[in-house]
Amino acid sequence: YAFMLMKAGKPEQAERVLQELLRTRLPHDMEMQAKSNLATALWLMGRREEAVRLLEDVHRAYKTVMVVGNLGYLKLLKEGPEKALAFNEEAYAYDDNDLTILDNLAQNYYLLGRLEEAAAMYAKVVERAPKHAEPYYYYALTLEALGRAEEAEAQALLALAKPLALVTTVAREEIEALVSRLSAREAA
């Protein structure tokens, strides 16, 4: 229910639901999942420090692929690519098969300008047909920067056809602008 509230743009209500749930006696797994969701609600409300701190606490007590992936992404957004790199590389060593972890490291490499590494990582990501727009968008930007405009346009079009993730820094207008820019370049 809390997740659906967040998807509906109501993170404050999600926080109330999760805080109420956390006041009850829960099995450890359920408590950690509720805290992970609470971290997302906090992030969506702009309480970034609190969200990262809570997810770091969860990570210490409950290291799962989902928690590692979510924390890696929040660290990338909050701390920047230089500081997040060590965590995201460690996450990749922990599980080099998880889509979120792969995507985090690919985006981390892109943001650091390590384009060849980003492209190789994004190739693995899109091979799995992610359901959200962001991996395709950042892959398109990576390919564009590498001078591979035709491939970049194909990825940008895929991004345009996908919904944005719950926690994102990408706006639909940015994807549309990228598609327009790449289409114009191809037409020229």
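Visitor: To begin with, how many cavities of 30 Å³ or more does the count come to?

Guide: Welcome! Please keep in mind that this is a predicted model. The count comes to one cavity of 30 Å³ or more, and the volume of the largest cavity is about 30 Å³. To find it, look for His 59, Lys 63, Val 68, Phe 87, Glu 90, Ala 91 and Tyr 94, which line the largest cavity. Helix α6, spanning residues 81-94, gives the most to this lining, with four residues. Sorted by class, the lining of the largest cavity holds four nonpolar residues, one polar residue and two charged residues.

Now let us turn to the open spaces. The largest pocket has a volume of about 870 Å³. Its lining is made up of 28 residues, and those that lie nearest the centre of the pocket are Asn 70, Thr 100, His 132, Ala 165 and Leu 166. Several helices take part: at least two lining residues come from each of α1 (2-7), α3 (28-44), α5 (65-79), α7 (99-111) and α9 (134-145). Of these, α5 gives the most to the lining of the largest pocket, with six residues. By class, the lining of the largest pocket has 13 nonpolar, 10 polar and five charged residues.

How values were computed. Residues numbered from 1 in each chain as written. Predicted model: local features only at pLDDT ≥ 70, side-chain atom pairs only at ≥ 80, totals over all residues. Heavy atoms only, no water. 1 Å grid on protein atoms, 1.4 Å probe; cavity = no way out; pocket = protein on both sides within 12 Å on 5 of 7 lines; lining within 4 Å. Points joined across faces, edges and corners; volume = space filled by probe spheres on them. Nonpolar A, V, L, I, M, F, W, Y, C, P; charged D, E, K, R; others polar.
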